Amino acid sequence: MAQEAWKDFAAPNAEYAANFGEKAKLPLPPAKKLAIVTCMDARINVYAELGINEGDAHIIRNAGGSAKDALRSIIISQRLLGTREIAVFHHTGCGMLTFNTPQLRQLVKESDPSNPSLNAVDQIDFLEFSELEQSVKEDVEYLRNNPLVLKETVVTGWVYDVETGKIRKIV
């Protein structure tokens with residue numbers, strides 16, 4: 001039987017809502033004019049790790065913290081909501097270091113060989129990487145050189161260590 005974590009949502013949400021306080025008055029644009037691109041890894045708590053609060057920054061999460069995958073959100077964040085700084089965070093122990101796109105495509109197709117619609121996976125680049133620090137440098141360069149990202153944007157790149165909780169600036 002599949003786990004149904006959603007069944008545990010209501011009680012913690014009731015407590016959160018009861019203590020919601022002034023959060024309803026937070027403005028839509030982030031206070032620090034900051035967008036953070038990071039991995040979807042469940043071990044990462046961006047707020048605690050960086051000492052930021054709700055309303056301070058846009059947190060854009062995807063597999064691997066990929067800048068390419070985050071571009072749509074970055075454009076919205078900058079053009080409509082005023083962010084002017086982007087921090088790219090990748091992390092140690094990332095699953096994106098453990099496979100390549102052809103392997104994952106094959107895994108998906110083999111999960112149900114009689115289903116030809118699974119061939120759509122061949123159109124997806126999973127944007128995996130083989131070297132952590134290099135992937136950070138490449139994502140920062142991608143954003144710095146992308147004409148869709150505002151020229152005056154400050155872009156930095158970081159690695160978060162999931163074993164120590166420490167961050168390290170790469171670029």
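Analyst: Helices (H or I, at least four residues) and strands (E, at least two) are DSSP runs, numbered from the N terminus. By that rule the chain has five helices and five strands, and along the sequence they follow the pattern α-β-α-β-α-β-α-α-β-β. The model is predicted: local features need pLDDT of at least 70, side-chain atom pairs count only at pLDDT 80 or more, and totals for chains, interfaces and linings use all residues. Residues are numbered from 1 along each chain as its sequence is written, and side-chain values use heavy atoms, with hydrogens and water left out.

User: What makes arginine 84 count as partly exposed?

Analyst: Buried means under 20% relative accessible area, exposed over 50%, and partly exposed in between (1.4 Å probe, protein chains only). Arginine 84 has 32% relative accessibility, so it counts as partly exposed. Aspartate 122, at 30%, is therefore partly exposed as well. Lysine 25 and glutamate 22 are both exposed. Of the 171 residues in the chain, 33% are buried.

User: Why is the pair of arginine 84 and glutamate 152 called a salt bridge?

Analyst: A salt bridge is a side-chain nitrogen of Lys or Arg within 4 Å of a carboxyl oxygen of Asp or Glu. For arginine 84 and glutamate 152 the N to O distance is 3.6 Å, and the pair is a salt bridge. This pair links distant parts of the chain, 68 residues apart: arginine 84 is in the loop between helix 3 (67-81) and strand 3 (85-91), and glutamate 152 is in the loop between helix 5 (132-144) and strand 4 (154-160).

User: How many salt bridges does this rule give, and which residue pairs with aspartate 122?

Analyst: The count is eight. Among them is the one between aspartate 122 and lysine 109, at 2.9 Å from N to O. Lysine 109 lies in helix 4 (101-110) and aspartate 122 in the loop between helix 4 and helix 5, so the pair ties together parts 13 residues apart in sequence. Another of the salt bridges joins lysine 25 to glutamate 22, with the closest N and O atoms 3.2 Å apart.

User: What share of the contacts between residues at least 6 apart in sequence joins residues at least 24 apart?

Analyst: Contact means heavy atoms within 4.5 Å. Of the contacts in the chain between residues at least 6 apart, 65% join residues at least 24 apart.
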